[in-house]
Amino acid sequence: MEKLRNYINGKFCAPASRKYLENVEPATGRVYSLIPDSDERDVQKAVDAASAAKKAWGATEPEQRAAILNRLADLIEDNLDEFALAESRDNGKPLWLSKAVDIPRAARNFRFYATAAAQFGSESSVQGDVLNYTLRKPVGIAGCISPWNLPLYLFSWKIAPALAAGCCVIAKPSEVTPLTAYLLCRLLKKAGFPDGVVNIIHGNGPGAGAPIIEHKDIPAISFTGGTATGEWIARTAAPMFKKLSLELGGKNPTIVFDDCDFETTVRGVVRAAFANQGQICLCGSRIYVQRGIYEQFRDAFVEKVQTLTCGDPLKPKTKQGAVVSESHMEKVLSYIELAQEEGGTVLTGGKRARVSGRCKEGYFIEPTVIEGLTATCRTNQEEIFGPVCTIEAFDTEEEAVQLANSTKYGLASSVWTSDLNCAHRMAANIEAGIVWINCWLERDLRTPFGGVKHSGVGREGGMIALDFFTEPTNVAIKVN
Ligand code: NAD
């Protein structure tokens, strides 16, 4: 069985504890690799390596960093099949999805920030006889912690801008999906990264994540994960005055108006609810449909959802893979039970799905649609993060806005209408970091990405991430 190792100072190494955690393939329920159970000693070793490397890396020309990031993107693309298979086995998502979306997007993240590094400048202004300009210095060492749902996609979305900005990185992938971050380590030297610039530590949150948050020599933390973890991180890092970027949970509304393009909307709303088994922070899990088309839409939606059969993620025809773990499956199933206790009716799905052959012990859930719930019930307030959505009717635009904004979250939303004025009003009134109109998950990497309310603090994307990983010093010169 493969035993993964940490990557510190350009070398693979065992964890100080010599202990390992089991990594389970969710589609089969079987342990298939072991990952380091790292702790503060491993983090300290990584901080020592990064401290020794940070001055030289911060002083490299942006073009040099860009060339290395581009080489890493090339190498990921050269190894697309291996990375995609690893992502699919680790996470349970269909292999075609890893191949078409996750891994290409990881390569694109490195390419995007290679270009951005070379384009990143700073401001200047003149006031009377005083010239002001801004020196932007890398923060030094960045701590990057990512979740399991889009493993390499989100891991690279954090480390690429940090490295482009001239920071050294101490990064921890989710212990549930460590494999693609591990494979990435094999490419780092080939791409040209000096030792100590990228350090990757494996392990669970309290053991390996917390020491990164608590370390006094890591001044910036970029975190994506659950809101409860984000809250602990905010509480722990704030008294140390660390820079914090927190991308947290969501409970995103999908608003469908009577005048939408019906077929396109049904297709789009199904995808928004069930892509990646509903395990994308941006998935639309609360669907509100205007009363005039409610029944027609609901029936067409349910019919389409019933075509999303679960299957072996490695088979090309599989539409829905496994959810990420047994405990996550139990959590999602418990929410389906709760929804029924709260008065909901399951229109389709509602149970664990059984897939034959090698996947007979796998963690599959039938795509589930629930009707008849109030906006305030727990099912409609708490993040489920699985293949489960609710559907309800609304009458007016004002009501749609109120429903959209009725949770503590504010990450993303989508609005489906052919009335452009209504679309603009909705976009202005919905409390969310992202509003998609007549589409979902269209991502231009230059745009600000992140949420409001309990969905996070700060934004990623574009030059915003380079601002985050640098510290500005204003220089004012009097010119006589
Ligand atoms: P999680 O919060 O349990 O874990 C995320 C990461 O944090 C993991 O690497 C974990 O090991 C680490 N961690 C856990 N406890 C820690 C601690 N005390 N200190 C430091 N690190 C710690 O989240 P998850 O279950 O892996 O991911 C699912 C969540 O992520 C969902 O809530 C989802 O909405 C959210 N998410 C948000 C976005 C976004 O962009 N807003 C994107 C993807 C996922």
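This is a predicted model: local features need pLDDT of at least 70, side-chain atom pairs count only at pLDDT 80 or more; totals for chains, interfaces and linings use all residues.
1. Overall form. The secondary structure of the protein comes to 15 helices and 25 strands. The radius of gyration is 23 Å, close to the 23 Å that the globule rule gives for 480 residues, so the protein is as compact as a globular protein of that length.

2. Extent of the interface. On the side of domain 1, 28 residues are in contact with 29 residues of domain 2. Between them the two domains bury about 2300 Å², and 55% of this area lies on carbon and sulfur atoms. Within domain 1, the residues that lose the most area to domain 2 are Ala 27, Trp 148 and Ser 455, which together account for 23% of what that side buries.

3. Polar links across the interface. The rule finds 10 residue pairs in polar contact across the interface of domain 1 and domain 2, counting pairs with both residues at pLDDT 80 or more. The elements that give two or more residues to the side of domain 1 that touches domain 2 are β4 (20–25), α3 (80–91) and α4 (95–119). Of the elements on this side, α4 gives the most, with 5 residues. Sorted by class, the side of domain 1 that touches domain 2 has 13 nonpolar, 9 polar and 6 charged residues.

4. The salt bridge between the domains. For the protein, the count comes to 25 salt bridges, and across the interface of domain 1 and domain 2 the rule finds 1. Glu 25 forms a salt bridge with Arg 358, with the closest N and O atoms 3.0 Å apart. This pair links distant parts of the chain, since Glu 25 lies in strand β4 whereas Arg 358 lies in the loop between β16 (352–353) and β17 (364–365), 333 residues apart.

Key: Residues are numbered from 1 along each chain as its sequence is written. Side-chain values use heavy atoms; hydrogens and water are left out. Contact means heavy atoms within 4.5 Å. Buried area is the accessible area (1.4 Å probe) that two parts lose on being put together, summed over both. A salt bridge is a side-chain nitrogen of Lys or Arg within 4 Å of a carboxyl oxygen of Asp or Glu. A polar contact is a pair of N or O atoms within 3.5 Å; within protein, one must be able to donate a hydrogen and the other to accept it, and residues adjacent in sequence count only if both atoms are side-chain atoms. Helices (H or I, at least four residues) and strands (E, at least two) are DSSP runs, numbered from the N terminus. Ala, Val, Leu, Ile, Met, Phe, Trp, Tyr, Cys and Pro count as nonpolar, Asp, Glu, Lys and Arg as charged, and the others, Gly among them, as polar. The radius of gyration is taken over C-alpha atoms; the globule rule is 2.2 Å times the number of residues to the power 0.38.
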